[in-house]
Amino acid sequence: MKARGFALDEDALKRSNRVEFVGKSRTDPSIELRVSLADSFPSKAPHVHTTTTVQLKRHQRLDTREICTFGPTRGRWSAGLSSTAAIDEAENVITDVSGIQSSDPKYLDDVPEPASALYYYQNNAFVLVSPAIAAFAAAMSEGSSAQLKLRFENWPGETVSRAGPGRGIVTEIGLKSPAKAESWHDKLVRPSLEIKAKIFRLGAPPPFTTNISDFNAWLQRLGHERTDWMAFVFPEQSGNATTQRLAWLFVRSKHRIEHIRTFVMDGGGHSTRVPGLCSLLERRIVFIGCGSLGSKIAASLAATGVKHFGLVDFDFLEPDNAVRHESGVNLFGFPKVLALQNRLFELNPQVLDNTKMLQMVIGGTNDMAREKELQELLAQASLIVDTTGDHGVSRFLNDICAELNVAQMYASVSNGAWGGEVVRVIPPRTACWMCWFAQYESSRPSAEPSPDVGLFAPGCDQPTFTGTSYDLDVVAGLASSFVVDTLLIEDSSREHYKGDYIRWQLRNSEGQFLPVIEILPIHKRKPCPFCNPN
Ligand SMILES: [Zn+2]
């Protein structure tokens with residue numbers, strides 16, 4: 001350390017028994033650096049702070065001025081960071097963010113540094129911002145402010161209080177022509193406290209301080225007065241150092257400043273977590289059959305971001321359905337379409353405003369109006385998923401979808417979930433369901449061991465025999481990824497089909513647990529009224 005020009009701070013050692021070294025940055029000698037060793041050094045890395053008033057724009061906690069010795073590029077991190085190595089890392093950060101340009105690729109800075117991550121969140125209050133509200137705030141000009149309404153619900157068992165723990169959702173923003181949150185917000189947070197607040201659009205993050213006089217002083221400089229609930233919107237880094245997004249922060253105050261974690265549902269989180277699937281957001285997927293398998297496929301698609309659904313089923317949810325169904329016992333007695341919509345809403349609230357439900361039997365004796373509604377629903381579909389396992393229904397869908405030019409997916413499990421199947425039909429590119437049936441009728445997954453097996457006792461030693469939730473999950477997972485794959489292939493018009501039939505078998509013919517997945521081609525028959533009409 002001496003060789004680097006750093007000296008031990010004797011005072012700090014005497015005063016608080018801390019080992020700290022003080023020196024100057026070689027890059028910018030106006031910056032004083034302080035290296036402190038944690039009590040548990042060397043198992044914990046040393047910390048480097050700047051002590052001068054110079055604040056680096058990035059890679060420094062603006063409140064404590066600690067420089068991130070993780071390094072601007074991820075590859076430079078080392079578990080055994082020595083004091084001198086920590087200084088080197090700090091020097092690199094200073095070089096990188098102090099305006100000194102470097103062509104050295106090690107200074108290629110791609111680590112996002114969201115300012116909203118630096119606040120001292122109390123973790124006893126949370127606020128959700130829906131897309132309509134976020135869009136309004138995004139259109140506000142820098143320096144402007146607006147009225148805002150918040151619905152706040154205290155946690156169960158807590159006293160009702162604006163200052164107490166709980167969660168809220170912004171219900172309205174703006175005064176003259178306000179934007180309201182989507183209708184689903186009513187179901188997310190129970191009607192409780194209605195709070196009025198003001199929102200400010202800023203060019204930089206609010207101060208990180210929790211000290212009320214410092215906060216007041218900052219507000220006064222902006223020409224504002226503090227109220228007990230305030231919201232701030234400001235730009236911050238996201239994705240990489242050169243891209244920005246708008247962050248939200250709620251501040252609640254009475255005797256101290258409380259930073260409240262604010263979640264914005266503007267799709268940004270979706271595209272970060274599942275990049276490449278954004279084109280699914282506007283597609284409509286119609287489910288014929290909302291039983292166990294249909295509910296599982298629909299649930300995984302809703303979680304992936306799909307919000308437009310069509311749900312068709314005649315049945316009602318029974319309490320025991322919860323063994324396999326996505327909807328729980330609490331929804332017993334609901335029509336299955338409604339129970340499933342409830343579950344999809346939990347996973348993706350936007351489902352509520354974008355789902356059409358039809359409680360009816362396909363191919364049953366329906367009135368003309370009902371049949372017309374079904375026809376319209378099918379015509380709007382990007383893809384239809386049939387999980388009824390009913391050949392009459394599959395045949396009907398095969399006919400109508402050939403006419404409408406809509407892709408279909410047929411998913412089923414055999415009795416006891418010994419095996420399962422997913423069949424994909426994309427008219428006119430692939431073979432139709434009838435062609436699949438003709439080709440594979442005799443080689444479908446079995447539902448029981450072969451008759452040659454002398455003794456096979458289903459029961460306690462065969463816990464998967466009856467086919468419970470996780471057995472269905474396998475077929476549901478295969479079907480869901482096949483659905484997504486099909487919709488994305490349509491987007492890019494790529495031809496890469498190895499097969500359109502997925503066959504899954506959990507057990508072999510002796511009844512032994514031996515899972516096998518195959519993907520098989522389906523041939524167009526000659527003649528076939530759909531595939532080869534001549
Ligand atoms: Zn055919």
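Biologist: Which residue in β19 is the bridge partner of M409?

Modeller: As a general idea, strands of a sheet pair through backbone hydrogen bonds, either parallel or antiparallel. Two strands are counted as paired if DSSP finds at least two bridges between them. Here the partner of M409 in β19 is R424. Strand β18 (residues 407-413) and strand β19 (residues 419-425) share 6 bridges in the antiparallel sense. This is a predicted model, in which local features need pLDDT of at least 70 and side-chain atom pairs count only at pLDDT 80 or more, whereas totals for chains, interfaces and linings use all residues. Residues are numbered from 1 along each chain as its sequence is written.

Biologist: How many helices and strands are there in the protein?

Modeller: Both elements are DSSP runs numbered from the N terminus: helices are H or I over at least four residues, and strands are E over at least two. The protein has 12 helices and 21 strands.

Biologist: In what order do the strands of the open sheet of 8 strands stand?

Modeller: The order is β16-β15-β14-β17-β18-β19-β20-β21, and the pairing is mixed. At the edges are β16 (355-358) and β21 (513-520), each of which pairs on one side only. From one strand to the next, the twist averages 10 degrees.

Biologist: Which strands does helix α9 lie across?

Modeller: Two residues are taken to be in contact if their C-beta atoms, placed from the backbone, lie within 7 Å. Axes are lines fitted to C-alpha atoms, for helices over the stretch in contact, and angles between N-to-C directions run from 0 to 180 degrees. Helix α9 (residues 368-379) lies across β14 (284-288), β15 (308-312), β16 and β17 (383-386), and runs at about 145 degrees to β16.

Biologist: Which strands stand at the edges of the open sheet of 5 strands?

Modeller: That sheet has the order β1-β2-β3-β4-β5 with antiparallel pairing. Its edges are β1 (7-8) and β5 (66-67); each has a single partner strand, so one side of each is left without a neighbour in the sheet. Within this sheet, strand β2 (residues 19-24) runs antiparallel to strand β3 (residues 32-37), joined by 6 bridges. V19 has L37 in β3 as its bridge partner.

Biologist: Is the pairing of β6 with β13 parallel or antiparallel?

Modeller: Strand β6 (residues 121-129) and strand β13 (residues 257-264) run parallel, with 5 bridges between them. V129 stands opposite V264 in β13. Strand β8 (residues 166-173) also runs parallel to β6, through 4 bridges, and V127 stands opposite G168 in β8.

Biologist: Why does the span of helix α8 agree with its number of residues?

Modeller: The expected span is 1.5 Å times one less than the number of residues. For the 12 residues of α8 (residues 336-347) this should be 16 Å, and the end C-alpha atoms are 17 Å apart, which agrees.

Biologist: Which residues of α8 are buried?

Modeller: A residue is buried if 20 or more other C-beta atoms, placed from the backbone, lie within 10 Å of its own, exposed if 12 or fewer do, and partly exposed in between. In α8 the buried residues are K336, V337, A339, L340, Q341, R343 and L344. They pack against α7 (292-304), β15 and β16. Over the 534 residues of the protein, 35% count as buried.

Biologist: At what angle do α7 and α8 pack?

Modeller: The angle is about 25 degrees, with the axes 8 Å apart. Angles under 35 degrees count as roughly parallel, over 145 as roughly antiparallel, 65 to 115 as roughly perpendicular and the rest as oblique; α7 and α8 are therefore roughly parallel to each other. A crossing is right-handed if the near helix is turned clockwise from the far one by less than a right angle, and left-handed if anticlockwise. The crossing of α7 and α8 is right-handed. S295, A298, A299, A302 and A303 of α7 meet L340, R343, L344 and L347 of α8.

Biologist: Which residues do the cis peptide bonds join?

Modeller: One joins P427 and P428, with omega about -5 degrees; P428 is in the loop between β19 and α11 (433-440). Another joins K526 and P527, with omega about 0 degrees, and P527 is in the segment after β21.

Biologist: Is N17 buried or exposed?

Modeller: N17 counts as exposed, with 8 C-beta neighbours inside 10 Å. Its phi is positive, about 55 degrees, although N17 is not a glycine. N17 is in the loop between α1 (10-16) and β2.
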